[in-house]
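Please open the model in a viewer and show it as a cartoon. The stops below proceed from the overall fold to individual side chains.

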Amino acid sequence: MVQIGKFRELLAENVSLLGNEVVACIAKVNLLYTTEFLALKDALKEEDAAQAYLATLADLLDADRVSEEIFDPYAEAVCRLPAKRSGVATWPVTTVLPFLAKPQQHVLVKPNQIKKVADALGFEINYRSEPNWRTYRSVLQMAEIYKGKLAPLAPVDLIDVQSFFWVTCGGYE
């Protein structure tokens, strides 16, 4: 579980340090393309943009359930991050931290893979390339439906569901 109190405390006291902690967390996993990782790392050096992004991330992580009222400001903050490099306003950048922090509630959206999964399962995800609530809600609904279908296998969280998607629907090459 995310220690949101500590996150908010650091956000109030030292945005730069929190940005560095976020970068260090993402660096430990191999979920973003290098260009996306470097774009986010650069963007978090801009204190005002980092403050807005991290504040909306805190709100998203603090929410008991994901909703349009919480997700839209977060997605907008991601899209407003300064883009010295291409790759910051992407689905993987938008969803990696929520996925890592609260995998029982969030999924990592990798566009090519999730579109392949949705097509294989005959599920409409209303895909648009810019991060948005309608697409994310559809992906979350698909994940929850399949979490229910996988209940006999006792999935722990949406990481298990996402792993099922990738393995069975051709997400892994």
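From the N terminus on, the elements run α-α-α-α-α-α-α-α-α, that is, nine helices and zero strands; helices (H or I, at least four residues) and strands (E, at least two) are DSSP runs, numbered from the N terminus. This is a predicted model, in which local features need pLDDT of at least 70 and side-chain atom pairs pLDDT 80 or more, while totals for chains, interfaces and linings use all residues. Residues are numbered from 1 along each chain as its sequence is written, and side-chain values use heavy atoms, without hydrogens and water.

With the whole chain selected, the C-alpha trace spans about 45 × 30 × 30 Å along its principal axes. Of the 173 residues, 46% count as buried (under 20% relative accessible area; exposed is over 50%, partly exposed in between; 1.4 Å probe, protein chains only).

Of its 55 residues, Tyr53, Leu54, Phe71 and Tyr136 touch the most other members.

Then move to helix H6 (residues 91-101): nine of its 11 residues are buried, so the helix is largely enclosed by the rest of the structure. The buried residues include Trp91, Val93 and Phe99. At the start of H6, display Thr90, whose side-chain oxygen reaches to within 3.3 Å of the backbone nitrogen of Val93.

Finally, select Cys79, partly exposed at 37% relative accessibility, and Cys169, buried at 11%.

Conventions. Core = buried A, V, L, I, M, F, W, Y, C linked by side-chain atoms within 4.5 Å. Polar contact = N/O pair within 3.5 Å; in protein donor to acceptor, adjacent residues only side chain to side chain.
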